[in-house]
Amino acid sequence: MRRFLPLILLAAIAGVYVGYRIYLSRQPFRWDGTVEARSITVGSRVGGRIAKILVAEGAAVGSGQELVELEPGDLPAQRLYAKAELDQASAALAKLVAGSRPEEIAAAKARSAQAEAALAEARHGSRAEDVAAAQARLAAAQAAVDNAKLVDDRAHKLLATQAIAQSESDSADSALRAATGERDAQQKVLDELVAGQRPEDKAQAAARAAEATASAKLVEAGARVEDIKAAQAQVDAATARVQELDVAIGELVIRAPAAARVEALDLRPGDILAPNAPAATLLEDGQLYVRIYVPETEIGRVQVGETVPIAVDSFPGTQFAGKVEHIDVVGEYSPRNLQTADERADQVFAMRVGLVEGKDVLRAGMAAEIQVAK
């Protein structure tokens, strides 16, 4: 028996080794990772002073729920001013599009007709009635001159005989000069009526008539297309400004974009939040997943879409179902040269496993392990 003892011991060791190898071959592959969550960082594009904090860290919030409210500052006043400019631009555009009122067109046509009549009068000259009246006034003035001449001659004769005073003779001379002046004035009036208006006056009348006619056509035609386009551009610019301020006012309240849990909210009323600065970090409900790193030598053991069990230290003996969602196409932590099998095992590929179960109890940051049968 002593001679066979080494052989028996060797056979026992070989049996244990074979059994251990069989045991290892039946054990599943185990890959470690971490439970992670898709986070959302929210903030405001306008920034400002914090007015209210409406939720606390750790609180569950719904989609669209208000988280933080900022002080409005002068944004409401800016919007009122921008709205007034929009109303003014819209009214100007409506006026151009509507064109002139009937009363304005009628007034412009009346001015044009008046100018045309004045031009026709200038071209046709004086009426026969006006000339006849001027001739009659001239004849009357001539008669007055003749009468004054007779009186003056008689006064001079009487003065020569000293029958009258010198003052009476002087009065007769003055009356004669006045009558002569009136006759000459009437003669000028008659000459002007007979000659008609000067060419310069006719040219001015023609210019005024043309101007009045063109003005009437402009009033009737309405605004130019270019003016309407320019007015429309002003309306568009004013509308864009109002919309811009509406967006800015909407940014005064920071809301949750989806159902989530408040992970971090380190703000107090009175704090200054810079534009586009993070205000809070949210973790989306139901967006938990496990990130696993699989060695390059074992990457073929699992496929996208496959369901795998997930275990965490916080719940020993419990497995949660997960579904492989993605496997990276580029390895990580690889050495410069991959020569041996051991070195090839140093290269790993990140794999994302979405949680099918356990979303209500698992938390981001937990250590996790998945098992895949050999």
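**Questions on a predicted model**

Modeller: Asn276 lies in the loop between β7 and β8 (278-295). Strands here are DSSP runs of E, at least two residues; helices are runs of H or I, at least four; both are numbered from the N terminus. The model is predicted: local features need pLDDT of at least 70, side-chain atom pairs 80 or more, while totals for chains, interfaces and linings use all residues. Residues are numbered from 1 along each chain as its sequence is written, and side-chain values use heavy atoms, without hydrogens and water.

Colleague: Why is Asn276 called exposed?

Modeller: Its relative accessible area is 60%. Exposed means over 50%, buried under 20%, partly exposed in between (1.4 Å probe, protein chains only). Asn276 is therefore exposed.

Colleague: What makes the phi of Asn276 stand out?

Modeller: The phi is positive, about 65 degrees, although Asn276 is not a glycine. Most residues other than glycine have a negative phi.

Colleague: How do you know that the span of helix α6 (residues 199-221) agrees with expectation?

Modeller: The expected span is 1.5 Å times one less than the number of residues. With 23 residues, α6 should span 33 Å, and its end C-alpha atoms are 33 Å apart, so the two agree.

Colleague: Which alanines in α6 are buried?

Modeller: Ala205, Ala209, Ala212 and Ala216 are buried. An α-helix has 3.6 residues a turn, so residues three or four places apart point the same way.

Colleague: Why are α2 and α7 called roughly antiparallel?

Modeller: Helix α2 (residues 75-98) and helix α7 (residues 225-250) pack at about 160 degrees, with axes 8 Å apart. Axes are lines fitted to C-alpha atoms over the stretch in contact, and angles run from 0 to 180 degrees between N-to-C directions. Over 145 counts as roughly antiparallel, under 35 as roughly parallel, 65 to 115 as roughly perpendicular, the rest as oblique. The pair is therefore roughly antiparallel.

Colleague: Which residue classes make up the contact of α2 with α7?

Modeller: The contact holds 16 nonpolar, five polar and six charged residues. Nonpolar covers Ala, Val, Leu, Ile, Met, Phe, Trp, Tyr, Cys and Pro; charged covers Asp, Glu, Lys and Arg; the others, Gly among them, are polar.

Colleague: What makes β5 and β7 edge strands?

Modeller: The open sheet runs β5-β4-β2-β7, with antiparallel pairing. β5 (253-255) and β7 (272-273) each pair on one side only. Strands pair if DSSP finds at least two bridges between them. Two bridges join strand β2 (residues 48-53) to β7, and Gly48 stands opposite Leu273.

Colleague: How do you know that strand β11 (residues 348-355) is mostly covered?

Modeller: Seven of its eight residues are buried. Five bridges join β11 to strand β10 (residues 319-327), which run antiparallel. Val324 has Val353 as its bridge partner there.

Colleague: How many bridges join strand β1 (residues 29-43) to strand β12 (residues 367-372)?

Modeller: Six bridges join them, and the strands run antiparallel. Arg30 is partnered by Gln371. Strand β9 (residues 307-312) also pairs with β12 in the antiparallel sense, over three bridges. There, the bridge partner of Ile310 is Ile370.
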